Amino acid sequence: MAAALRFVLLAVLGVLVASSLAGAQDAFPSRPITIVAPFPPGGVADLTARPVAAAMEKVLKSPVGVVNKTGAAGAVGMQSVAVAKPDGYTLLLALSSISIIPEADKIFDRKPAFTVDQFAPIALISADPTVLVVPADKPWKSARDFIEDAKNRPGQISFSSSGIYGTLHMAMELLSHGAGIKLRHVPHAGAGPALTAILGGHVDALASGPAVVLPHIKAGKLRALAGWGDKRVAALPDVPTFKELGYPDAEFYIWAGLFAPKATPEGVLTRLRSAVRDAVNDPDFKAAMDKLETPIAFKQGEEFQRFFDADARRLADGVRKVGRIAP
Amino acid sequence: MLETLHNLAVGFSVALSPSVLLYAFVGCVIGTLVGVLPGVGPLAGISLLLPATFGMDATRAIVMLAGIYYGAMYGGSTTSILMRIPGEAASVMTCIDGYAMARKGRAGAALAIAAVGSYVAGTVSVVGLMLLAPPLAAFALRFGPPEYFALLLFGLLVLAYMSAGSMVKSLAMAVLGLLLGMVGIDQMSGYFRFAYGVVELGDGLGVVPVAVGLFGLAEILATAGQAVQPKVIEPKLRELLPSRAEWREAAGPIGRGTVLGFLVGIIPGSAHIISSFVSYALEKKLSRRPQEFGHGAVAGVAGPESANNAATSGAFVPMLALGVPSGPIPAVMLAAMMVHGVSPGPLLIRQQPELFWGFVASMYVGNLVLLILNLPLVGIFVNLLRVPYPYLYPAILTFSILGVYAVNGSVVDVWIMLGMGVLGYVLRKLSFETAPIVLGVVLAPMIELALRQSLAMSDGHYGIFFQRPIAATLLVVGLGMMLLSLRTFIRRGLDWRARMALAEKGES
């Protein structure tokens, strides 16, 4: 009897130990994952993060939430993930500004809020080339007209941007250096005010993500001259790329990618990467991105690293060319 | 006109369909709560609830979000009047005379006037939105940085009317406010100013933490510091509603506040915040008894509260007519439309008539819902004042900290609020007024950005302010107003303000 009891107890114990060991192996995720969007709700980061979170939730069968941690042009949220516990439960949905902010910190000789190598890339989700738009009542019919005119009148043609060293500023700066022109920069506090400024005719040009300017192009208020992409924008098949026009340096994407803190264990990263790969193929996710008119551009591993490195290099170069502007 | 009526009928058929009606109601209730909670304003409320709308269709989502927006404007006045804590930035002015009315036992009257004023303003400005949206929107877009700068200079002129006592003290506080407004990233160069390595300070000192600290916390500290515990005001049921005389006093300011708020509201940017400030100054200027302002003037509640509600509807004009993200809140609402596959643009009204007219009709309904919701609540809210201070104040303090923290999830904001509370207490002891500080904090970043953007546009030439007709007109009118006030200053030597200051000196 006693022996039998001991056997049963041991067996139960054995099963418990075995299951807990197995649990430890594929325990991730055993609690909710948080994706930090470092920009306010309604922005590109937020609008990408939410469908990604919903699709990952389905794949991982565990809750995935989005938290908007905003401030200082994204630096607050990015810094919070950079120093978060590297356990895979705190992720970052970053835009290209992740490589700009540390570079701008360098320019001002201040202690960087974070550095790019504090993050481990998981996957690129979307990449949308910016397009150059001008008010429809301006004389420029093509990018060549625009660049020609800018060469004749250096510093006379103005453009609005989402802010100094912001993504929309960088796109314009890469074009200026690639084409050897000088434009007049009027920074605004965000992409919304920058768009409002060009619609009001207060500036002459804007580099913008295609989705937000499409309705204004269709309504005949704005004219698209060229795109910064590798390929033409699907919704604007007649608009050439700067690459086609012979300005290969003018390459710029508003991209959104998922990152984890650097020291996250490799096993967890692998699990996350495969989850994101399945998530981007989810039909609901595709439908959500379709409504936003944002093309999915999934890349991971080596491929994402290469894209990220090349982009970071271009942007760092751009920031350095702008340099420090006297306050 | 006939077409408008027809469209409106279609709109009401959308707005009165049970599901849309329900979402409008839910939006209004949430908005009222968001407004009542100190610190949490409409932007925070809408941002927090935006994800919840992703599963709805576009019309319902927009109707609910708009309900939160104007509901918060209604609710914002409540804590301002009862506890001197601005629920959101636009009700800062209501703190002054609203709270003074409450101290005199007229809290119910102040709340009722705020609710009715908000209702009138909301409804009238929806009519404006409905009839005038496309032409007004085109006009509003002509407000670029130079026009914005000229308009904000009016905001600075307002400072002169904000004080009930010494002008010198009030200007000193305004300068302090403008200095505090300099904290944060310089938008033109990317330079961090006065941030001392704290990344969160990059966005500057938020208006809400500053206002809640300077008004609410300072009030609590001051009351706690009194040797004799102040008597709890026990409102009588009979005194809940405004008297006939108070209604008469409120009527003009409500009308003027509505027109002013709507016009300021349509201008892209964050000008809606200054609509209540400008309205307050206007009422004080027009009043036959300006000395009452700051001591419970009915007009000081009716005007600003109407103005901030009218500004809400005004802000929708460029958003709906042209698809322009004309301010932070319209930008979030446009994002909500994009999530639903509606691309907001100049063709929105034509392509999505049900959305536009359903939205307009739902605002008529929503404003009525809010009035019905808020008037009976007056009785309940006023009873909060019966709670003895040892229980009431710690509770308010807790809610203030929670509210301010919730907006950005930032502890730094809480520290700013606490610091401002202490500063506000000290300034009160020295009988400085703190409202000009808040206005300074609001105006400084906006004026600076508009000025420097204008100069970037003109490559440094100040002529830009006089070459553009709207900017030039505004500047000339502003200068004229300043000269006029100087004239009375010189001629009479002592105006009522100086006499008040003398009287105050006699008291202390």
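Predicted model: local features only at pLDDT ≥ 70, side-chain atom pairs only at ≥ 80, totals over all residues.
As for handedness, helix 4 of chain B passes helix 15 of chain B in a right-handed crossing.

Who actually meets whom along this pair? On the side of helix 4 of chain B, the residues include B:Ala58, B:Ile62, B:Ala66, B:Gly67, B:Tyr70, B:Gly71, B:Tyr74 and B:Leu82. Across from them, helix 15 of chain B brings in residues including B:Glu354, B:Leu355, B:Gly358, B:Phe359, B:Met363, B:Gly366, B:Asn374 and B:Phe381. Sort the residues of this contact by class and you get 12 nonpolar, eight polar and one charged.

Helix 3 (residues 42–49) and helix 13 (residues 328–339) of chain B have axes that come within 10 Å and cross at roughly 15°. That angle makes helix 3 of chain B roughly parallel to helix 13 of chain B. Here the crossing of helix 3 of chain B past helix 13 of chain B is left-handed. Helix 3 of chain B contributes B:Pro42, B:Leu43, B:Ile46 and B:Ser47, while helix 13 of chain B supplies B:Pro328, B:Ile329 and B:Val332. By class, this contact has six nonpolar residues, one polar and no charged.

Now hop over to B:Tyr196, which sits in the loop between strand 2 (192–193) and helix 9 (207–224) of chain B. Is B:Tyr196 buried or exposed? B:Tyr196 has 7 other C-beta atoms within 10 Å, and a residue counts as exposed at 12 or fewer, so B:Tyr196 is exposed.

In all, 47 residues of chain B are in contact with 46 residues of chain A. On the chain B side, helix 13 and helix 18 (435–457) are the elements that give two or more residues. Helix 13 of chain B gives the most, with five residues.

Of the 327 residues in chain A, 54% are buried. Take the contacts in chain A between residues at least 6 apart in sequence, and 76% of them join residues at least 24 apart.

Chain A is divided into domain 1 (29–127 + 253–322) and domain 2 (131–227), and the centres of these domains are 27 Å apart over C-alpha atoms. Their contact takes 17 residues from domain 1 of chain A and 11 residues from domain 2 of chain A. On the domain 1 side, helix 4 (97–107) and helix 11 (301–322) of chain A are the elements giving two or more residues, and helix 11 of chain A gives the most, with six. That side of domain 1 of chain A has 10 nonpolar, four polar and three charged residues.

Technical notes: Residues numbered from 1 in each chain as written. Chains lettered and ligands numbered in written order. Domains from an automatic or database assignment. Contact = placed C-beta atoms within 7 Å. Helix = DSSP H or I, 4+ residues; strand = E, 2+ residues; numbered from the N terminus. Nonpolar A, V, L, I, M, F, W, Y, C, P; charged D, E, K, R; others polar. Axes fitted to C-alpha atoms, helices over the stretch in contact; angles between N-to-C directions. Parallel < 35°, antiparallel > 145°, perpendicular 65-115°, else oblique. Left-handed = near helix turned anticlockwise from the far one by under 90°. Buried ≥ 20, exposed ≤ 12 C-beta atoms within 10 Å, placed from the backbone.
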